Amino acid sequence: MSNVKLAVIYYSSTGTNYKLAQTAVEAGKEAGAEVQLFKVQELAPESVIATNPAWKAHYDQTKDVPVATAEAIEWADAIIFSTPTRFGNVASQMKQFLDTTGGIWFHGKTVNKVVSAMTSAQNPHGGQEQTVLALYTSMYHWGAIVATPGYTDQSIFAAGGNPYGTSVTVDQDGNIQEDYTAAVKHQTKRTVTVAQWVKNGQQG
Ligand SMILES: Cc1cc2nc3c(=O)[nH]c(=O)nc-3n(C[C@H](O)[C@H](O)[C@H](O)COP(=O)(O)O)c2cc1C
């Protein structure tokens, strides 16, 4: 059992990162953490979303997922982020969310959050690691503790496993090419474990 609070915060247009996030939620619960799932605010106009049936369907299906706020960051001890790769970078919706945390950052409320990130892209070498590192750059400014998977589990050596953070590839139809479950679960459990160490250390 753990007393870690885990926020899983994702952006997804067509459902890939939602699937990764849902697996992280499952893993967090298995690790005994208190878990909340949040999407970041969609910023694209509805008229644009409507031009892509997969995007529109996912947008409608996830209407009820709560939108991430600065309070969610304050609440969490651990955070798993999941964002698609967009031109080798973090999706703007996720970046915009990070850019709303200046207030809590100023008050020291982002310090010592234990964080880890996941991503997806269409090309096997489409910039996945660059996306994860770009997100981690913001985390260094937060004073967060970045808990990467490294090679701490056999799942990292399998497809989808990535020492920077789980990354998957989607085909033209949006199907994930790798069996990512073990890698996401390991990454999430490791993040919860490190957050527990930090929490215990602060209380000691
Ligand atoms: C504007 C845009 C930029 C993209 N840039 C990249 C890229 O740099 N490399 C890549 O492999 N895939 C790229 N893709 C494909 C997305 O990464 C892919 O659709 C996404 O990972 C699917 O995640 P989702 O289903 O959670 O939205 C791009 C897609 C869009 C719409």
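The largest nonpolar core has 50 residues, and L6, V8, I9 and I79 touch the most other members. A nonpolar core here is a set of buried Ala, Val, Leu, Ile, Met, Phe, Trp, Tyr and Cys residues joined through C-beta atoms within 7 Å. Buried denotes 20 or more other C-beta atoms within 10 Å of a residue's own, exposed 12 or fewer, and partly exposed the range in between, with C-beta atoms placed from the backbone. At least two residues of this core come from each of strand 1 (5-10), helix 1 (16-30), strand 2 (34-39), strand 3 (78-86), helix 5 (92-98), strand 5 (114-121), helix 7 (128-142) and helix 8 (181-203). Helix 1 contributes the most, six residues. Helices (H or I, at least four residues) and strands (E, at least two) are DSSP runs, numbered from the N terminus. In soluble globular proteins, nonpolar side chains tend to be buried together.

The model is predicted; local features need pLDDT of at least 70, side-chain atom pairs count only at pLDDT 80 or more, and totals for chains, interfaces and linings use all residues. Residues are numbered from 1 along each chain as its sequence is written.

L6 touches G28, A33, E34, V35, A76, A78, I80 and V192, leaving aside residues up to four places away in sequence. Contact requires C-beta atoms, placed from the backbone, within 7 Å.

UniProt, in an unreviewed entry, places the feature "domain: Flavodoxin-like" at residues 6-192. Such annotations may be inferred rather than shown by experiment. Over residues 6-192 the chain is 39% helix and 19% strand. The end C-alpha atoms of this span are 7 Å apart.

Two residues other than glycine have positive phi. For F87, phi is near 50°. F87 sits in the loop between strand 3 and strand 4 (89-90). F87 is exposed, with 10 other C-beta atoms within 10 Å. For N112, phi is near 70°. N112 lies in the loop between helix 6 (102-106) and strand 5. N112 counts as partly exposed because it has 16 C-beta neighbours inside 10 Å.

How values were computed. Contact = placed C-beta atoms within 7 Å.
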